[in-house]
Amino acid sequence: MAGASTLPADFLLSRRVQEMVINGEEPASLYICRDEKEDQNGPFPLAPIPIIDLSLFSSSTTISAEREEELQKLKSALCSWGCFQAIGHGIPTSFLDKIRQVTREFFEQPMEEKKKYSKGVGEVEGYGGDPTPEEGQFLDWQDRLFLTVYPEDLRDTKFWPDTPKSFREVLEYYTTKMRMMTETVSKSMAKSLQLEENCFLNQFGERAVLSARFNYYSCCPRPEIVLGLKPHADGTGYTIILQDDVEGLQVLKEEQWFTVPTIPDALLVLMGDQMQIMTNGIFKSAVHRVVTNKEKERTSVAVFYTPEKQKEIGPEEGLVNEETPRLFKNVKDYEIVHWEYYQRGMRALHTAQV
Ligand SMILES: O=C(O)CCC(=O)C(=O)O
Ligand SMILES: [Fe+2]
């Protein structure tokens, strides 16, 4: 298509990346994130992210020494990587496969079917690309379906797909399980820091928000210069990511990008900025990105767990003392500021610093 490389962002974002690929189009210039000759410090090593067995925290039969050791492992993972691979979460692998399958089935439907759930270019909820970023920011090689699931009165069910047939049921069941998992994870994180076990749950509040983002990364003819998702840290409390069997997610540690291994029965629990604030900087909010792939499509489902709207959160008092002074202010609706900065290609954490 003549002049394709200078198309404006709003126009590009009104179309799906998947459509461009089906039409055999080359990525327009706004998708190009770097100079071809730039050193990318690849190949990227696999990240040795600790694997934590959550069943050790919930089962009453676990001997306390074993539980204590796992809590220490959890704390160390969150201080260094800002994430861990969770197993023993109580969701059978067969069900994780079911979610992976309905996700793929949703995106593999004809465009007309998916467009029933289309959002406007500027909106977040629904099917499409992320809203247009500020000038100078490149676009992501992905399409996604974003749905708020809890609290239930915030659901906008016109965006909830009717097909594949089991989609809604699978999402409902998965997020019920996610709520149980956030309870275990939040309590365990508190215990690992010698805090009262409900402290983080209380900060998240009864109306904590759970939303699901189904990501679809089409094959990309120029993987060396196009990203599936630009580098960012999440504005959440934390995020739980289900990957399929195609690698692509990377985390940044000491200025090196590491590829997150795909493990069929594991869920990646990744700290967002708000957990870094609540732990007074002890847990790291992990910077991550997604690379593209020439041969294989990739899917993922990210469940975002965010404190209740309008609720103030801040560093736990038990973590603030003379040796470790308060690093962050109390904030509310932090994710809104986070989003504004994200759209400018920046992190927002400094806005919460004292
Ligand atoms: O696709 C992935 O594995 C990660 C997605 C992600 O980082 C996000 O949706 O915020
Ligand atoms: Fe993310």
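View 1. An oxygen atom of ligand 1 sits 3.4 Å from an N or O atom in the side chain of Asn215. This is a predicted model, so treat each picture here as a prediction. For Tyr217, the distance from a side-chain N or O atom to an oxygen atom of ligand 1 is 2.7 Å. Ser300 also takes part, with a polar side-chain atom 2.7 Å from an oxygen atom of ligand 1. On its own, ligand 1 has 300 Å² of accessible area, and the protein covers 98% of it.

**View 2. Meet the shell around ligand 1.** Ligand 1 takes up the space of the largest pocket. Around ligand 1 you can find 14 residues, the closest being Tyr217, His232, His288, Arg298 and Ser300.

View 3. Look for β5 (209-217), β6 (227-232), β11 (288-291) and β12 (298-306): each gives at least two residues to the shell around ligand 1. The largest share, four residues, comes from β12.

**View 4. Arg155 in its loop.** Now we move to another spot. Arg155 belongs to the loop between β4 (143-150) and α7 (167-192). Is Arg155 buried or exposed? Arg155 counts as buried because its relative accessible area is 17%, and the cut-off for buried is under 20%. A polar atom of the Arg155 side chain lies 2.7 Å from the backbone oxygen of Val149. The side chains of Arg155 and Glu172 are joined by a polar contact of 3.0 Å.

Terms used: Residues are numbered from 1 along each chain as its sequence is written. Chains are lettered from A and ligands numbered from 1 in the order in which they are written. This is a predicted model: local features need pLDDT of at least 70, side-chain atom pairs count only at pLDDT 80 or more; totals for chains, interfaces and linings use all residues. Side-chain values use heavy atoms; hydrogens and water are left out. A residue is near a molecule or strand if one of its heavy atoms lies within 4 Å of it. A polar contact is a pair of N or O atoms within 3.5 Å; within protein, one must be able to donate a hydrogen and the other to accept it, and residues adjacent in sequence count only if both atoms are side-chain atoms. Accessible areas come from the Shrake-Rupley method with a 1.4 Å probe; for residues, only the protein chains shown count as cover. On a 1 Å grid over the protein atoms alone, a cavity is a set of points where a 1.4 Å probe fits but cannot get out, and a pocket is an open set with protein on both sides within 12 Å along at least five of seven lines; lining residues have an atom within 4 Å of a point. A molecule sits in a cavity or pocket if more than half of its atoms lie within 2 Å of its grid points. Buried means under 20% relative accessible area, exposed over 50%, partly exposed in between (1.4 Å probe, protein chains only).
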